[in-house]
Amino acid sequence: MKPTRRTVLIAGAAAALTPTLPAAAAPKAAATPPYASYWYPDSLPSGSPGTGITWRSLKAWRAADDVDLAFNAASVPLATRFTPAPVNPTARSGQARIQSLVSFGPTSSNSAQGSATADYYALTHWAYIDELVFWGGSSGEGLILAPNAPIVDAAHRHGVPVLGNIFLPPVAYGGQLQWTRDLVQKDSAGRYPLAAQLVAVARAYGFDGWFVNPETGGGNAALATDMLGFLRELKSRAAAVGQRVTWYDSMTVNGGVSWQGALNAQNQPFFESADDMFVDFRWTASGLASSGQRADRIGRSRYELWAGVDVEASGWNKSVNWDAIVPRDRAHVVSVGFYRPEWTRNHLPAGRTPGEFHAADDRFWSGRSLDPSRPDGTDAWRAPAVSVVDRSTVTSVPFASVFNTGHGLRWYERGAVTSQAPWNHLGLQDRLPSRRWLVHTAGARPAVNFDFADAWCGGSSVLVEGELTAPAVLDVYATRLPVGVDTVVELTHRTDAGAVNVELAVATADPDPGAPGSTAPYTYFPVNSVNTWQTSTVRLTGLTGTIRAIGVRLTPRDSGSGPVRWRLGGLAVRSAAPATPAAPSGLRITGASGGDLRFVWNPAPGDVRHYTLHRLLPDGTRRFLGGTCQRAYFVEGLRPEQGEAAARFEVRAVGELYTRSAPTTVTHSW
C-alpha cells in the first residue's frame, strides 16, 4: 500500500480443522485472555515490546507449544457455494469478483473469541466476497497475522476463504530489510523453511492461505530472486493442502519496492507465482485494460487481478472510475479489491448502534436503493450488488437460521433474555440472506432490517415495518434444498403491530430469466401470526424437486389496519425430526485468576454448530456466559453470588436445528 496510507502502528489484523492440542494438565495458576496470533518471520526488534505486546518468531512456532490453539483453531469447513439467477440486469457471474481487506481489530490484544461489546464490524454481506484478507501488522507488534477463529468460521459458513496477512512495512514506518531476508531465508537444502511454517500455521488454525505484502525498500535483484523462490514454494505447499496465496503489487523484479498499479513486466513473475494479485491504487483505466490483456496472453484469468479501491477514509463517497473495472455495458475488465470497507462502522459517531452499522453496511454493499433488484441509477457509488451476482451456501437439509448477525445488545434463547450483556462473536453468525432486501409489491415498500431490540435466539431478528397497501413478498433465501415427502419448513415469527396475514412462500423453479429481479414462482402456504413468538410448521404438500427460493408474503387484513411491524425470528427446513446432538465431555477449568477462568472441553461427536456456556445460579436460573464454535472459552470478572461457596457451569452442544445436548458440568470453588 502507499506509504502515505500508513501509520506507525497499523491496526489489523483449511485443512486440519481439529488440530492436536497441548495435553491438558492440572489447572494453571493464572488465566489469561486468548488473542489472535501474530509473529515476526524470525529475528525480533531491538529493545522491549510495549505493554500488551508479545514478540514471537514464526520460525520457532510449534503447534504443540501453542497454549491458545484451542481458542484460535477454526472449526467450520469451507462451504460450497452456488450462484442463483441474477436479480438485476447488470449483476454478472463468472466475471469480476471481490476481495476485501479488513482490519477487525489491533494487531496485538485482538480477542480470539469475540468480546463484551456489540460495537463490532459484524460483516454479513459475504455473498459478494470471494476472498477475505485479515488485514494488519505493524513494525512494533508483529508482521504476520493469523485470522482469529470467529471470523474464519463465519466466512467459511458462507463459502468465503480467509487469508492471513504478511506485511513487511516501508522503512519510513519501521520496516527492516532484515525481516524480508528472514522471510525468504533458505536452509542447507535450498528450501524455504518459513514457507513450510506458514502452511503449517494455516492448517493448524484452519484458515485458507496468505496475503504477501512486501513493502520494505532497499532490496536488490538477488533478494527478488529469493522472494520469487519463496513465493513459488509457498504456493506449491499451499496448493497441496487446499490453501492459496495472494501477492500484493509492491516489490518488483529488481528487488525494490515500486507500486505499479498494473500487471506488467515488473511484477508479472510474482503474479505467475501466486494465485492472484492485488493491484495498487495507482491504476488507470488504460493500465487495467492492458493488465487484463496481459493476463489473457499468459493464460491467466484477468479476474485474478484485484483493482484496489481504497474506501478507508470515505466509503461510498469515494470517487471511483467504475467503468474501468466493472462497466455496465460490456465485459468486466478485472476484479475489485476493497481496502478497509469497515469504514461503514468506523465513520459512525461514538455511541453507534448495531442497527446504525447494518444500515450503513447495507448501503455500501446493496446500494442506495437498499434493494439489489432495483439499483438506483443516479447513485455514483456502484455497489457490489449492482455488478456481481450474490452466492449462497444453503444447499442441504437440515438447514436453520435464527438470523443471528454475530453481535447483539443481549442474548436470547427461545425468546427469553438469558444475558443482558452486549456481545460479539462472528463464529455464532448464521448463514444469512444473500439478497438484502428484495421486496416485491405493487404498493408501498416496507422497510426490512436486522433488528436488535428483540430476537428468538442469539441477538437479532428480521423486522419488516411500514404501511402495507398491497401484498408484499420478501425474498429470504436463495436455496438448493431437496424436497422429500417428509420435508417441512418451520417459521418462527411474531406480529408486533398492525393486522397482517402471513404466508410462507416456497419456489421450486427460478424466476423468469428474461426478467431479472422478478418474483419467483412461489407456492404460498398460510400461517397464523399472533403477538407472541410462535413456530409454524408447514408441510410442503404437492411440491417436488428442489427448493430454489424461500420467502414470506405479508398481506394487510384491511385498509385501516395501520402500519405493520412483523418480526421473523427463525427459519428451518428439515426432512426428519430434529436430532439432539451428543453432549461434549471432559469440561474442565485449566486456568483461574480470581473470577477469570479458562474452560476447555472435549468436542461432542457428530455434527455440532456451536457450544454454549452457562452459569447455573443458586436460584435455579441459567445465565449465558458465551458461545463459541471452538472447544475452549475464557470468562473474566466473575464473582460469587451471595452465600455461594462454589460456582457451577455447564457446556452444551447446539445442533444445526438449534437443538441442545445434555449438559456437561464443572464446579469452581471460590
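1. Two strands pair if DSSP finds at least two bridges between them. Strands (E, at least two residues) and helices (H or I, at least four) are DSSP runs, numbered from the N terminus. In this structure, Tyr-611 has Thr-628 in E29 as its bridge partner. Strand E28 (residues 610-616) and E29 run antiparallel, joined by 6 bridges.

2. This is a predicted model: local features need pLDDT of at least 70, side-chain atom pairs count only at pLDDT 80 or more, and totals for chains, interfaces and linings use all residues. Residues are numbered from 1 along each chain as its sequence is written, and side-chain values use heavy atoms, with hydrogens and water left out.

3. An open sheet of 4 strands has the order E29-E28-E31-E32, with antiparallel pairing. Which strands stand at the edges? They are E29 (622-628) and E32 (664-669). Each has a single partner strand, so one side of each is left without a neighbour in the sheet.

4. How many disulfides are there? The count is 0. A disulfide is a pair of cysteine sulfur atoms within 2.5 Å. The sulfur of Cys-457 lies 15 Å from the closest cysteine sulfur, in Cys-629, which is too far for a bond. Cys-629 is likewise in no disulfide.

5. Are these cysteines buried or exposed? Buried means under 20% relative accessible area, exposed over 50%, and partly exposed in between (1.4 Å probe, protein chains only). Cys-457 is buried, with a relative accessible area of 12%. Cys-629 also counts as buried, at 6% relative accessibility.
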